[in-house]
Amino acid sequence: MAKVTCIIIEDEKPAQEVLKSYISKTDWLSLASVFEDAIEAMDFLKKNEVDLIFLDIQIPGISGIEFLKILKNSPQVIITTAFSEYALDAFELDVRDYLKKPFSFDRFLKAVNRIALQPDPSQIHQLEPRTNAEQSFAFFNVNKMMVKVLFSNIRYIESMREYVYIHQENEKIVTKIGISEIEKLLGGNFLRTHRSYIVNIDKVSAYNAEEIFVGKTSLPIGTNYKKLVGMMLNRGNTLA
């Protein structure tokens, strides 16, 4: 599995040590640096590529929320904070998870396992292009065998930069394609709910203003997609 490079933005030493310990126990995470304020971290991000940020809210200089608002091309972000009142603002900025201190290693793992990982190239199966937007299936190259995948079997699609995970009922396939490109390939039964997610409407089991459930899997609803989700799932009403 490819390493996920991460940084910590946290001004409290005990919290830094907890995160460093949890990261060291997770073999596919690689800690690049630790920062006590957002300005130093921003300078680092201008020169270095990072996949994931563990971000506290109340830090010196500018807050974690303000940092997210001004950060361009943000990596994936997991909030780590002692305060619950910032959760709505954070999820509206498309953070991947919100960890309220103190949190266990199990809760940490649940959060980081939602992070989009760059796959091992040997596991990548290329999606063959199709021209008919209403086609109900596609063929994937799996170990030199063209395997038919029915769109009706897709539960949801998860973006990871130039790759996507296609989560099906019994397996997931990794393919090198952008999420906007694959969105065009799918029929009208698929709904973009977040910059990183597309769901099969038939597989949606529940939803609220902040998240949508595919079975028991919780996926975030991005602030820019709430209106569309409301129109598609809430009979034309917007999500509050």
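**Confidence and salt bridges in a predicted chain**

Within the protein chain, confidence is lowest in strand E6 (residues 137–142), with a mean of 67, and highest in helix H1 (residues 13–24), at 95; pLDDT is the predictor's confidence in each residue, from 0 to 100, and helices (H or I, at least four residues) and strands (E, at least two) are DSSP runs numbered from the N terminus. This is a predicted model, in which local features need pLDDT of at least 70 and side-chain atom pairs count only at pLDDT 80 or more, whereas totals for chains, interfaces and linings use all residues. Residues are numbered from 1 along each chain as its sequence is written, and side-chain values use heavy atoms, with hydrogens and water left out. The chain has a mean pLDDT of 82, and 85% of its residues reach 70 or more. Over residues 116–133, pLDDT stays under 50. Where pLDDT is low, the predicted coordinates should not be read in detail.

A salt bridge is a side-chain nitrogen of Lys or Arg within 4 Å of a carboxyl oxygen of Asp or Glu, and the count by this rule comes to 10. Lysine 101 forms one with glutamate 10, the closest N and O atoms being 2.7 Å apart. Lysine 101 lies in the loop between E5 and helix H5 (105–112) and glutamate 10 in the loop between strand E1 (4–9) and H1, so the pair ties together parts 91 residues apart in sequence.

Glutamate 158 forms a salt bridge with arginine 96, with 3.2 Å between the closest N and O atoms. This pair links distant parts of the chain, 62 residues apart: glutamate 158 is in strand E8 (residues 154–160) and arginine 96 in the loop between H4 and E5.

Conventions
Contact means heavy atoms within 4.5 Å.
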